[in-house]
Amino acid sequence: MIPRPARLRPICLLPMLALLLQAQTPVPVAPPSPADIYGPLFAAVQEAQVFPDSKTFADAVPREEPQAILAAYAREKPVEKAALAAFVHRHFSVRGDEAKARPPLRARIRDLWPVLGRAPFAATPGSSALGLNRGYIVPGDRFQEIYYWDSYFTMLGLKADGQAPLVEAMLANFVDLVERYGHVPNGTRSYYLSRSQPPFLALMMDLSDDRDPALAKRRLAALIREHDYWMAGADCLDATGACQHVVRMPDGSLLNRYWDARDTPRDESWREDRETAARAAPRPAAIVQRDLRAAAESGWDFSSRWLGDPMRLETIRTTDIVPVDLNSLLWIGETRIAARARAAGDDATAQRFAAMATRRKAAIDRYLWVARERRFADWDRTARRPTAARTAASLFPLFAGLASAEQARAVAASTRATLVGEGGLRTTNIRSGQQWDAPNGWAPLQWIAVEGLGRYGEQALARDIARRWIATVARTYAETGKLLEKYDVEERRPGGGGEYPTQDGFGWTNGVTAAMLERWPDLIPSDGAPR
């Protein structure tokens with residue numbers, strides 16, 4: 001018998017085929033997520049809550065290669081929320097961007113006046129707010145009260161936009177504040193009453209169209225009373241050479257400084273001031289705290305201009321400095337009082353204030369003009385010499401009109417060489433991390449420069465500064481939809497530094513930009529590009 005062959009087990013080919021295919025087809029590698037690609041940038045944007053929904057940035061589409069974006073992030077180092085938002089919108093397409101149809105810059109400024117406007121109100125017992133009898137404009141964001149020197153620059157824009165009644169209302173509020181408190185406080189809060197701010201009241205009155213004789217008499221009285229406030233220290237000068245706001249110069253002439261009647265931590269920055277004073281030990285805390293307050297009165301809070309060591313806030317020494325901006329403004333006040341008194345037929349008062357202005361100008365020329373360096377400067381009353389700081393405050397004598405033609409030419413050359421940045425006028429040429437230092441530029445100082453340079457025939461430089469500033473404001477507005485408190489005028493983006501985040505609003509930026517565009521309408525940009 002022939003044996004039967006063994007039955008072969010059937011072979012299933014499907015598993016083998018699957019194994020072969022698996023061996024030949026590489027496992028797909030998952031692409032990196034946005035967090036993987038953008039690392040520290042992604043983390044910074046999400047931690048700062050640039051977008052309310054974290055998914056928004058995770059879904060953003062880059063406008064360029066990721067490596068280029070990361071290189072720009074490493075170079076620019078945006079930290080604050082506004083700066084991060086501007087960076088993201090510049091380098092990514094974000095959901096909703098297309099839907100944000102923004103009005104032109106000039107129209108947006110007009111739209112913001114009602115947003116920033118406030119109605120008159122009576123003070124509430126226990127509240128820090130000081131009541132006001134007329135309507136007014138606030139700077140915006142964290143600043144929800146009227147501020148002294150801010151308001152002059154805001155009023156420039158109101159005037160340009162045909163808001164004369166609001167200009168008159170704000171001016172009436174300031175006159176009322178002088179009548180109530182003897183000076184215009186830093187702002188309308190009880191914790192601001194111990195100090196003022198750069199005295200712009202006389203210049204505010206120049207913006208008024210009201211020629212009522214009774215009102216003119218009341219305004220003149222307010223100007224004289226405010227001047228008395230600044231000069232009250234003349235009656236208590238002793239061997240130290242300074243009392244309150246008054247400083248006796250080496251030749252016996254009198255100039256002024258910033259000062260605060262209190263030497264405690266500021267209510268609005270209580271923890272910060274205590275920490276700064278603690279770092280300054282063994283220097284007495286009261287001295288440090290008064291110097292912090294005095295810097296707040298200057299409006300330049302804070303700047304290397306007031307610091308012994310420009311990198312250390314605890315070395316602040318504001319009350320040792322005789323500032324060129326303050327003394328220029330007081331000279332304006334004295335000349336305006338003399339003119340108003342003369343118009344009112346009060347020749348004795350006119351002569352008295354004209355003589356004060358003459359003496360002040362002579363002291364400014366002697367101590368605040370550095371002939372060998374061809375610049376205006378602050379005076380260090382302890383070292384008995386001008387400070388080395390080169391700042392935008394040097395343009396105040398030109399703004400006031402007290403500089404000579406030769407001095408003005410020298411300041412223009414110095415400004416062009418050291419303070420003009422890509423996007424406007426730098427505040428100083430020192431990078432200290434303080435907000436009133438490089439690379440920041442501020443609306444009021446742009447206006448002071450433009451007006452001062454123009455007064456002395458430096459129209460090309462004045463227009464160039466205005467052009468650069470408007471381009472910076474317009475570019476940031478196009479990217480963020482905001483008008484900001486300060487700007488980085490080197491990178492043409494939101495500014496940084498200081499005690500608090502960059503603020504949105506913003507009264508004096510709106511005012512100065514509107515006034516500049518009213519003067520030079522051809523500088524209105526459609527895309528933020530410089531003209």
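The paragraphs below go through aromatic pairs, charges over rings, packed helices and some loop residues in a predicted model.

Aromatic rings come first. A pair of aromatic rings is described by the distance of the centres and the angle of the planes. A search of the whole structure gives 30 aromatic pairs. One of them is formed by Phe-396 and Phe-399, with ring centres 6.3 Å apart and planes at 70°. Planes over 60 degrees apart count as edge-to-face, so that is the label for the pair of Phe-396 and Phe-399. Where do Phe-396 and Phe-399 sit relative to each other in helix α15? They are three residues apart in this helix, which covers residues 396–400, and so about one helical turn separates them. Phe-396 has a relative accessible area of 1% and is buried. Phe-399 is buried too, with a relative accessible area of 6%. Both values are read against a cut-off: buried means under 20% relative accessible area.

A second pair is made by Trp-442 and Trp-508. Their ring centres are 5.9 Å apart and the planes stand at 90°, so this pair is also edge-to-face. The pair links distant parts of the chain, as Trp-442 and Trp-508 are 66 residues apart. Trp-442 belongs to strand β15 (residues 440–442), while Trp-508 belongs to helix α19 (residues 507–519). Are Trp-442 and Trp-508 buried or exposed? Trp-442 and Trp-508 are both buried.

The charged end of Arg-142 is placed over the ring of Tyr-500, at 4.3 Å from the ring centre. In another case the two residues are Arg-519 and Trp-520: Arg-519 lies over the face of Trp-520, and the distance to the ring centre is 5.5 Å.

The next topic is how helices pack. Two packed helices are described by the angle between their axes and the distance between the axes. Helix α19, which holds Trp-508, packs with helix α18 (residues 459–480) at an angle of about 130°, and the two axes are 11 Å apart. How is α18 oriented to α19? The angle makes α18 oblique to α19. The crossing of these two helices, α18 and α19, is left-handed. On the α18 side the contact is made by Ala-466, Trp-469, Ile-470 and Val-473. On the α19 side it is made by Thr-509, Val-512, Thr-513, Met-516 and Leu-517.

Helix α10 (residues 213–231) and helix α14 (residues 347–368) form another packed pair, with axes that come within 13 Å and cross at roughly 40°. This angle makes α10 oblique to α14. The crossing of α10 and α14 is left-handed. Which residues make the contact between α10 and α14? From α10 they are Ile-224, His-227 and Met-231, and from α14 they are Thr-349, Phe-353, Met-356 and Arg-360.

The remaining residues lie in loops. Ala-377 is in the loop between β10 (375–376) and β11 (379–380). Its relative accessibility is 3%, so Ala-377 counts as buried. If its neighbours within four places in sequence are left aside, Ala-377 is in contact with Val-324, Leu-368, Val-370, Pro-386 and Thr-387. The C-alpha atoms of Ala-377 and Ala-388 are 7.6 Å apart in space, and the two residues are 11 apart in sequence.

Arg-384 lies in the loop between β11 and β12 (385–386). Arg-384 is a residue other than glycine and has a positive phi, near 60°. With a relative accessibility of 54%, Arg-384 counts as exposed. Lys-77, in the loop between α4 (66–76) and α5 (81–91), also has a positive phi, about 55°, although it is not a glycine. Lys-77 is exposed, with a relative accessible area of 57%.

Pro-282 is in the loop between α11 (270–279) and α12 (285–298). The peptide bond from Ala-281 to Pro-282 is cis, and its omega is near 10°. Pro-439 is in the loop between β14 (424–425) and β15. The bond that joins Ala-438 and Pro-439 is a cis peptide bond, with omega about 5°.

How values were computed. Residues numbered from 1 in each chain as written. Predicted model: local features only at pLDDT ≥ 70, side-chain atom pairs only at ≥ 80, totals over all residues. Heavy atoms only, no water. Phe/Tyr/Trp six-rings, centres within 6.5 Å; stacked < 30°, edge-to-face > 60°. Helix = DSSP H or I, 4+ residues; strand = E, 2+ residues; numbered from the N terminus. Buried < 20%, exposed > 50% of the residue type's maximum accessible area, 1.4 Å probe, protein only. Lys NZ or Arg CZ within 6 Å of the ring centre and 35° of its normal. Axes fitted to C-alpha atoms, helices over the stretch in contact; angles between N-to-C directions. Parallel < 35°, antiparallel > 145°, perpendicular 65-115°, else oblique. Left-handed = near helix turned anticlockwise from the far one by under 90°. Contact = heavy atoms within 4.5 Å.
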